[in-house]
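Hi everyone, thanks for coming. Let me put the structure up on the screen, and then we can walk through part of it together.

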Amino acid sequence: MRIDAILSRYGYCSRREAAQWVKRGRVTVPGKSLRSPSDKAEPAEVLIDGKPVEFVNGLYVALNKPLGCTCSHKEEGDLVYDLLPPQWLNRSNGVSTVGRLDKETSGLLLLTDDGAFVHALTSPKKHVPKVYAFETLTPIPETAVAQFASGEFMLENETTPCLPAELEITAPCSGLLTLHEGRYHQVRRMLAAVGAPVCSLSRIAIGSLRLEDLNLAPGEWGEIDPHLFT
Ligand code: URA
């Protein structure tokens, strides 16, 4: 691949700016002497300011999403993308969240530049379990456990019932809910429908990936292995 194509593909600079980067010696390839941005190399062997090109085989990252920021590229206010190195957003494939969390939901959020990965995790056919910890304003009725597990639980304005979901009530006003799909505001709507409105919500796991194992403070991100989900 041409050096200028590598620099722009991975978000470092535009193809036009690449000549300056090469001239200033910011781009090196061990064992080769680079003269021009049209010289070729494997992305994995290129060093930029002495460091390997980031995420040459795809960007897969977990973010501990703080409360108050939105999973959107365009909305007003704080965005999850503001928490990431700007260079990631200039990668030619772009970076997007894998599904979304509400502005007022915190916790485990995945980001990637790999469209197939997004599809694999969000497709309703794949049923990757997502675990949410929540607190409610009023006690959660015990009957909700069987209702949510039944596969017949209907949400307002929906035409198909929710897939069976596992509810564990851990205290009168708190619990864990495992979903195998991702409908709009699903956790809040399910609990509101059984008379226990949610006042605090956080996603704590996706498949076998658990937020507590990642040691990420709110707002921090870390690289993950995409094969965890296959
Ligand atoms: N369910 C919700 O209600 N909100 C989220 O952010 C995720 C699941």
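Let's start with β10 and strand β11 (residues 209-210), which pair in the antiparallel sense over two bridges. Strands here are DSSP runs (E, at least two residues; helices are H or I, at least four), numbered from the N terminus, and two strands pair if DSSP finds at least two bridges between them. A word on sources: this is a predicted model, where local features need pLDDT of at least 70, side-chain atom pairs count only at pLDDT 80 or more, and totals for chains, interfaces and linings use all residues. Residues are numbered from 1 along each chain as its sequence is written, and side-chain values use heavy atoms, leaving out hydrogens and water.

Two residues sit between the strands, and Gly207 takes a positive phi near 55°.

β10 (residues 198-206) also runs parallel to strand β6 (residues 105-112), joined by three bridges, with Gly107 opposite Arg203. Strand β7 (residues 130-136) is antiparallel to β10, with seven bridges; there, Phe134 partners Leu201.

Now, which elements each supply at least two residues of the lining of the largest pocket? They are α4 (115-122), β7, α6 (186-193) and β10. Where does this pocket lie? Domain 2 (60-124 + 212-229) and domain 3 (130-206), with bounds from an automatic or database domain assignment, both give residues to the lining, so the largest pocket lies between them.
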